[in-house]
Amino acid sequence: MKAIHLLIATLIMMSLASCTAESSDPVDNSSSTYFLERTYGARSVTYEENNSDNLNLNDLPAISLKEADEILSNLRKHTNAKEEHNILAADKGNQTLLKVITSQTINGKYTFTIQLNLTGYADGDLYYNGYNAECSSSLMKWYVKGFSLASDNSEGNFIFQSESYIYMKVADNGIKYMQIPVSIWGTYNPKSHDASFTYKL
């Protein structure tokens, strides 16, 4: 009888040890937003922290960590990227008002469009007058802080750069708003009207 009691006690202790080991197993954290932070430089932000930019983050649908990772992975790889460029020009005296519109569609689903508003002069000077930026996906918000513009005298291009952020609403033991940094880099040549942009996520 003592042997049976000892056996039962041993089994109970092994069961408790197993439960303790499972609860502290780091593999359990693989479904945490920590994965997004480590892989994409994401960080969790409060709704109030970014509501001042009228992003209306609460309008975003909640997606799973798996969905978020799949989207960000496609964006990082520029999966099946398709680019389109359009230049709209209107002469006004000795000025040319320009709208340089570039868009990039990833995997046939996510289109990011940038419109740079510029003023060009006959002597080659170019001035930046603001921008519009849009993302076609309802699963994320895209916030662009603004662009810096610099000339590249060797190539005759103007280079524009910006830091921007993608926001997602992720379900992970509750709702978390995730902010993912995205660096934008592009060029525009006023003589050829060639324009392009790319980003690093």
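**A walk from the pocket to the loops**

The largest pocket holds about 160 Å³ of space. This is a predicted model, in which local features need pLDDT of at least 70, side-chain atom pairs count only at pLDDT 80 or more, and totals for chains, interfaces and linings use all residues. Residues are numbered from 1 along each chain as its sequence is written, and side-chain values use heavy atoms, leaving out hydrogens and water.

A pocket here is an open set of points on a 1 Å grid over the protein atoms alone, where a 1.4 Å probe fits, with protein on both sides within 12 Å along at least five of seven lines. Its volume is the space filled by probe spheres set on the points, which are joined across faces, edges and corners. Lining residues have an atom within 4 Å of a point. Among them are Thr 96, Leu 98, Tyr 121, Asp 125 and His 193. Strands β3 (95-106) and β4 (110-121) each give two or more residues to this lining. Strands are DSSP runs of E, at least two residues; helices are runs of H or I, at least four; both are numbered from the N terminus. The lining divides into five nonpolar, four polar and two charged residues.

Next, strand β8. Ser 162 sits in this strand. Ser 162 counts as buried because its relative accessibility is 5%; buried means under 20%, exposed over 50%, and partly exposed in between, with a 1.4 Å probe and protein chains only. Its side chain reaches the backbone oxygen of Gly 146 at 2.6 Å. Beyond four places in sequence, the contacts of Ser 162 include Val 144, Phe 147, Val 182 and Ile 184. Contact means heavy atoms within 4.5 Å.

The structure holds two salt bridges. Each is a side-chain nitrogen of Lys or Arg within 4 Å of a carboxyl oxygen of Asp or Glu. Lys 176 pairs with Asp 172 at 3.5 Å, N to O. Lys 176 is partly exposed at 27%, whereas Asp 172 is buried at 8%. Glu 84 pairs with Lys 82, with the closest N and O atoms 3.8 Å apart. Glu 84 is partly exposed at 45%; Lys 82 is exposed at 52%.

Finally, two backbone angles. Most residues other than glycine have a negative phi. Asn 173 has a positive phi near 55°. Asn 173 lies in the loop between β8 (157-171) and β9 (175-189) and is exposed, at 83%. Asn 56 has a positive phi of about 50°. Its loop runs between α3 (47-51) and α4 (65-77). Asn 56 is partly exposed, at 34%.

Notes:
Ala, Val, Leu, Ile, Met, Phe, Trp, Tyr, Cys and Pro count as nonpolar, Asp, Glu, Lys and Arg as charged, and the others, Gly among them, as polar. A polar contact is a pair of N or O atoms within 3.5 Å; within protein, one must be able to donate a hydrogen and the other to accept it, and residues adjacent in sequence count only if both atoms are side-chain atoms.
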